[in-house]
Amino acid sequence: MKTQRQWVLIQIFQVLCGLTRPTVRSGPVMDLLSGTYIFAVLLACVVFHSGAQEKNYTIREEMPENVLIGDLLKDLNLSLVSNKSLSSAMQFKLVYKTGDVPLIRIEEGTGEIFTTGARIDREKLCVGIPTDEQCFYEVEVAILPDEIFRLVKIRFLIEDINDNAPLFPTTVINISIPENSAINSKYTLPAAIDPDVGINGVQNYELIKGQNIFGLDVIETPEGEKMPQLIVQKELDREEKDTYVMKVKVEDGGFPQRSSTAILQVSVTDTNDNHPVFKETEIEVSIPENAPVGTSVTQLHATDADIGENARIHFSFSNLVSNIAKRLFHLNSTTGLITIKEPLDREETPNHKLLVLASDGGLVPARAMVLVNVTDVNDNVPSIDIRYIVNPINDTVVLSENVPLNTKIALITVTDKDADHNGRVTCFTDHEIPFRLRPVFSNQFLLETAAYLDYESTKEYAIKLLAADAGKPPLNQSAMLFIKVKDENDNAPVFTQSLVTVSIPENNSPGIQLTKVSATDADTGPNAEINFLLGPDAPPEFSLDRRTGMLTVLKKLDREKEEKYFFTVLAKDNGVPPLTSNVTVFVSVIDQNDNSPAFTHNEYNFYVPENLPKHGTVGLITVTDPDYGENSAVTLSILDENDGFTIDSKTGVIRPNISFDREKQESYTFYVKAEDGGRVSRSSSAKVTINVVDVNDNKPVFIVPPSNYSYELVLPSTDPGTVVFQVIAVDNDTGMNAEVRYSIVGENTRDLFEINETTGNIIMKEKCDVTDLGLHRVLVKANDLGQPDSLFSVITVNLFVNESVTNATLINELLHKSTEAPVTPNTEIADASSPTIDYVKILVAVVAGTITVVVVISITAVVRCRQAPHLKAAQKNKQNSEWATPNPENRQMIMMKKKKKKKKHPPKNLLLNFVTIEETKADDVDDDGNSITLELPIDLEEQTMGKYNWVTTPTTFKPDSPDLARHYKSASPQPAFQIQPETPLNSKHHIIQELPLDNTFVACDSISKCSSSSSDPYSVSDSGYPVTTFEAPVSVHARPTDSRTSPIEICSEI
C-alpha cells in the first residue's frame, strides 16, 4: 500500500510540474490519495515552479580541501525527480564569474558541495562589515536540464576561528604624562585590533614590568570595544626618572589563545616643582684683615633640577644679614660671587655671617650660610696664670718625699689675645727637674711630679715657667714656682732571699720546723723594726713566728692532695705609715708509696666480634696510681695463668690467643692484677668479661619445603591472593643476622605466583586457566639481613596445579628429571587439547598408580617383616624421638674411611644409627665398584637439641615467629637437613649448609607418605615426640649424579 502511494505521488508531481503527460489509471489507486498528500505535492510543485530558491549552510573559515558541506539533491528534496522522466540526467552547475576562484565546488551529478583548495578567510571576505554582523559567502547553482531548470542561491555563513592575533597599531607606544599627575590618574592607550570577532577578538590587556608605578585598567566602550588605560599608582618625579619603558600585552579569548605585545614608553614632562639647591649650604672662609678691596671671598653654586625658565636662579642677601656685613661684602646676583667691598678690621668684627638666598621665581628659595673669619696680626704677649692645687705656705709648696708619681701641684693657664698661630702658646720649664707640665686643654697645663722625691738627695726646688706664642717673631713670658721636700719613712724591709725553697716528705709529724726567713730595713729607729706575717694566700697547714720568722708545719701533708705549696711571707716595719715587703715560699712535698693502683672500673665488659683474629685488640684497661715516680709505675698481668688471653703490662691492651666462636662460647671471664713499683709494692685486681658478639657467618637454612623434590598441590580454582604455600628458613645467627627475607629469583615463568618477603607466604597472583595446569617450579631465595655482607640459600618449590594427585609416580619422575633438564614453567600431566584423550590418559594414570601402590605396599611389607627384630630393639632403647638437627657445637672430628670392598647395608630400622655416605656406580651391582662410607658419630646434647625443639618456641627465633611444630605436625613434607659438600670438616657451622638440587634430604614419619618422593624409602619418626639425644652414627647414602656435585641424602626410617 505504501509503495502504491509513493508511485502515485511521483506521477502527480511530474504531471503538475509539467514533467510528463498525464496518465489516467482507473481502479482503487486514486482512493489511496488523501488531502494531505495532495497538498504536500502541490506545495512542492509551487516551490519548484518559482524558478529560484535559497539554501543556507554554515562553514568554518580555514577549512581544508574536499570537506563535504552539504548535498543539494537531498537538501532541496530533488530525490523525488526521476532521471527516467528527464531528457538528460540531472546536473548541478556552479555559476561564477570568469576569473574568480570559487571557494566551493559541486559534484555535477550528485549535487554534493565540497571545499576547494582556495583559502576561506572570513576577514578578507567580509572586510568592512561591522564585527557584530554575520559574514556570508554567496554562490549560484543552476539545476539542469531545462525541464527542471532552477537557479538556487546558496549562502554560506562563515564562522570565525581564532586565526589572527590581536595587534597594536604600532610596536612602540609613546605617551607623555606630567610629573605632577595625581595618583590614580588614567591615560588612554591605543587599542589593539583583532580581525577575529566574538570571543576570538580582543579580551584582555596586561601591563608587563609596571615597576609598581603604573597599572593598567580596561574599559569597554558602548560599541563593545575594549580600551586600555594607564593608571598612575605612585607620584612621579621627572628629576628622579624621566622615562619608563614597559610592555603592554593583549590577548584574545580563542583557542588556542593568541597574543602580542608592544613597547610602552612613558615620558614624564617637567613642572616647576623643584627648588634651587646649593651645592654647599654652609661655607666657612678665612680672610686676613689686611686683604685688599675686591678680593674674592667665595663662589656660591646652586642648581635647579627643572629646565628652561624654571631653572634660572637669582642670588641675594637675606634681610637677616647685618648692615655691617652688607657694607663690607658684595654679592653678584647672577653668578653668586662674594667679594670684599670695603677694608676689613678684625678688632672691630672678627667674623661675619652672610645668609644668601637662591630663587628660581618660586615661593621657596634655597638658603646658604657663609661664615667669614677675619684673621689678625701678632701684636699681643702671652700671660701665665698659676693656680695651686697643693696649698702653699708663704708662696712655697711643701711635698712629702713619698708622694706618689703624678701628684698634681698646680694648674698653669697661659693665654694670648692673638688668634690662630699668633695666639697659640707653649709652656715649659727651663731645666730637668722631677716635675713636668702635662697639657689638659689647649692653653692649660698641670704641674705634677714626674719622679719620686728623695729628701736625702734634694731638699727644695725653684721652678721657672716659660710661655711663648707661635707668632713670627714669637713673643714669650716667664714665672717662678717654689717647692720644698719633707722627710718620710720611705725604706721598706728587704728579705735576704728572693725565693725561699724547702722540701718535706709527706706523712710528716705535725709541728715540725721547716726554715727561718730573715729581712733588713735601711731606716732607723721604729721605722727599722720588722714584724713577719704570712700572706693572705698562705695555706692553713703552715704557721710563722712573728718575731723570729720561723716557718712551722701544723698538719700532716699528703702529696696526692697537694704536691706543691706557693705562698708569700710579709715583713712590715713600725713606721708611720708602716712599709711592707714580701717573699715567695715554695714548699715541695716528697712522695711516699702510700697508694695502691686503682682501676677505672671494678669490672670491665668488652664486646668483640666472633671473627676477631688471633692477637687482635680486645680492649684497653686503664689503671691509675696517684703516687709519683717508681711508686706510680704500674705493671699489669692476668691472674690464674690464663693462656687464652694476654695483656700488655704497660699499655693495658688485651689480645686473644684463641679464635672466638660465639656458638661455642659466648663469654670469657678472668682477673687482671695491677702492681706498682714501690719499694714496698702495692697491688689491686679487677674482673674482666669478654662477650663474643655474633657475626653473620651462617646462611639461612630451609626447613619448609624439605627438599627440591617435594611438591604442593594447588587447586586450579584457587582465587588470586590466596596463600598456597609457606616457605620457612632459619638462621643460626642472632639479631639482624638472623632476620630472613624471601624472594623469587627464578623459574615461575608464567608469573602465577608471588612471595611475601617477610612471612615467606607464596601467593597465587593470577587466576589459573587450563594452560596453567601442571607442575610449576619456583626458585626461592632466602637471604639474611647481616652486615656487611648478606648470606643466602636457594631452594626449588614445586607447585602442582591440578584438581587432585591422580598419578603420583609420574609427578615424582618429573621432579627427578628436573635435575637433568630445566623444568618448564608449566609441565602438564594431561593433554588438554582433547577431552577424549584426557579421559584415556587419566584412566591409564589411575591404573598405573594403583599398580604402583600395590607393588610399593608389597615391597614395604616384606622389608618391614625382615626388619621387625631390629625395630623392636630400637623402639625399646629410644621410645621417644624428634627431628635431629646437627649440633653446631659438636667438636668431634668426622672420620672418613674408604672401603675397598662393598659392605652390606646396615639395617634401616635403627633410628639414626649411622650416617653412611656411599658413592657407587649407577648399576650398583658390580662387586668391584668403589664405595666411600662416612661415619658421623654425633653427640647431640640436650641443650643444643632444645634449640630445635619444634614443640616450643626456639630461643633463637623472635617471639612472633610462626609455630613450626604445629606446621610440621600438620603438613607434609617434613623439614630438610642439608649438608654442603666439599666443606672443610674442621670448620664450624659446616653441617647445615645450602645444597644443590640433589643434596636436599627429605624426612617424614613412618605412617604418612612423603609427598616429595614416593620412591625415597627413608623417614624419621614424628616430630611430636620429646627431644632425644642421638649418640649413634647416622647412615648417609649417596645418589648417583654428574661429576660436578656430590649429592648426599640423609634419611632414616624406623
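**View 1. A nonpolar surface patch that includes Val863 of helix H7.** Leu843, Val847, Ile851, Val855, Ile859 and Val863 make a nonpolar surface patch of about 520 Å² in this predicted model, where patches are made of residues with over 30% relative accessible area and no salt bridge, like charges being joined within 9 Å and nonpolar side chains (Val, Leu, Ile, Met, Phe, Trp, Tyr) within 5 Å. A salt bridge here is a side-chain nitrogen of Lys or Arg within 4 Å of a carboxyl oxygen of Asp or Glu, and accessible areas come from the Shrake-Rupley method with a 1.4 Å probe, only the protein chains shown counting as cover for residues. Val863 has its place in helix H7 (residues 835-866); helices (H or I, at least four residues) and strands (E, at least two) are DSSP runs numbered from the N terminus. With a relative accessible area of 34%, Val863 is partly exposed, a class that lies between buried (under 20%) and exposed (over 50%).

**View 2. The edge-to-face pair of Phe542 and Tyr565.** The structure holds 17 aromatic pairs, in which rings of Phe, Tyr and Trp (its six-membered ring) have centres within 6.5 Å, with planes under 30 degrees apart counted as stacked, over 60 as edge-to-face and the rest as tilted. The ring centres of Phe542 and Tyr565 lie 5.3 Å apart with the planes at 75 degrees, so this pair is edge-to-face. The pair links distant parts of the chain, since Phe542 belongs to strand E37 (residues 542-544) and Tyr565 to strand E39 (residues 564-573), 23 residues apart, and both Phe542 and Tyr565 are buried.

**View 3. The aromatic cluster around Phe645 and Tyr668.** Phe645 and Tyr668 form an edge-to-face pair, 5.4 Å centre to centre and with 70 degrees between the planes. Phe645 is buried at 3% relative accessibility, and Tyr668 is buried with a relative accessible area of 14%. Phe645, Phe660, Tyr668 and Phe670 form one aromatic cluster.

**View 4. The hairpin of E37 and E38.** E37 and E38 pair in the antiparallel sense over 3 bridges, pairing being assigned if DSSP finds at least two bridges between two strands. Phe542 stands opposite Val553 in E38, and the hairpin has 5 residues between its strands, with Gly549 in the turn at a positive phi of about 80 degrees.

**Notes on the model.** Residues are numbered from 1 along each chain as its sequence is written, and side-chain values use heavy atoms, with hydrogens and water left out. In this predicted model local features need pLDDT of at least 70 and side-chain atom pairs count only at pLDDT 80 or more, whereas totals for chains, interfaces and linings use all residues.

Definitions and conventions. Buried means under 20% relative accessible area, exposed over 50%, partly exposed in between (1.4 Å probe, protein chains only).
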